[in-house]
Amino acid sequence: MALNSAFLVVAVAASFCSLSRCTEFDVGELRGWAVPPSNDTDLYDNWASEKRFKVDDTIRFKYKKDSVMEVKKGDYKECNSSRPNFFSNTGNTIYTLNRTGFFYFISGSTGHCDMGQRMIVWVVAQDASGATSPAPISSTINALFFISFLISLVFFF
């Protein structure tokens, strides 16, 4: 029964993500989260500026012997790692963009931020036309059917 319940939680979370059309982005893609080359210190800001982030999208930081911090704007500008809003050093960090506006990320490893390992992410509230984009009705019905099916599995097995 516990296995079924755990499966249900994961499935429901995945369904909500598909309903809201959230996306997971791999920071730096194949490069990952690392000190950029000295001639490309804007690497991560450039990468992020080419993306369109929405509320509930996630960003995945993959790194070795490093960390990632979400900080305030002033701490980003100064590369100040002493007061992070969020910190992780697991090597594979997933961060959910839970609101609109700007998010500021830096490396917590000494000197890495100063060498360009930092990034600003802008989460938009709506699409470029000024309208929000709801999920298509067919996707919503399919997701609700799937959730109902999973719930019935928990109760009947």
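Student: What share of the 157 residues in the chain is buried?

Tutor: The model is a predicted one. A residue counts as buried when its relative accessible area is under 20%. In this chain of 157 residues, the buried share is 35%.

Student: In what order do the helices and strands run from the N terminus?

Tutor: The chain has four helices and eight strands. Read from the N terminus on, these elements run α-β-α-β-β-β-α-β-β-β-β-α.

Student: What part of the contacts with a separation of 6 or more joins residues 24 or more positions apart?

Tutor: Contact here means heavy atoms within 4.5 Å. Among the contacts in the chain with a separation of 6 or more, the part that joins residues 24 or more positions apart is 71%.

Student: Which residues does F61 contact, leaving aside its neighbours within four places in sequence?

Tutor: F61 is one of the core residues that touch the most other members. Once its neighbours within four places in sequence are left aside, F61 is in contact with V27, W33, V68, G91, N92, T93, Y95, F105 and M119.

Student: How many residues are in the second, separate core?

Tutor: This core includes V71, Y76, C79 and I106.

Student: Why is K73 called partly exposed?

Tutor: K73 lies in helix α3, which covers residues 73-78. Buried means under 20% relative accessible area and exposed means over 50%, with partly exposed in between. K73 is called partly exposed because its relative accessible area is 45%.

Student: How far apart in space are K73 and F105, C-alpha to C-alpha?

Tutor: In sequence, K73 and F105 are 32 residues apart. In space, their C-alpha to C-alpha distance is 9.2 Å.

Student: Over which residues is the pLDDT below 50, with twelve contacts beyond near neighbours in sequence?

Tutor: The chain averages a pLDDT of 80, and 67% of the residues score at least 70. The stretch with a pLDDT below 50 and twelve contacts beyond near neighbours in sequence is residues 2-16.

Student: How many contacts beyond four places in sequence does the model have for residues 132-146?

Tutor: The pLDDT stays under 50 over residues 132-146. For this stretch, the number of contacts beyond four places in sequence is 13.

Conventions:
Residues numbered from 1 in each chain as written. Predicted model: local features only at pLDDT ≥ 70, side-chain atom pairs only at ≥ 80, totals over all residues. Heavy atoms only, no water. Helix = DSSP H or I, 4+ residues; strand = E, 2+ residues; numbered from the N terminus. Buried < 20%, exposed > 50% of the residue type's maximum accessible area, 1.4 Å probe, protein only. Core = buried A, V, L, I, M, F, W, Y, C linked by side-chain atoms within 4.5 Å. pLDDT = per-residue confidence, 0-100.
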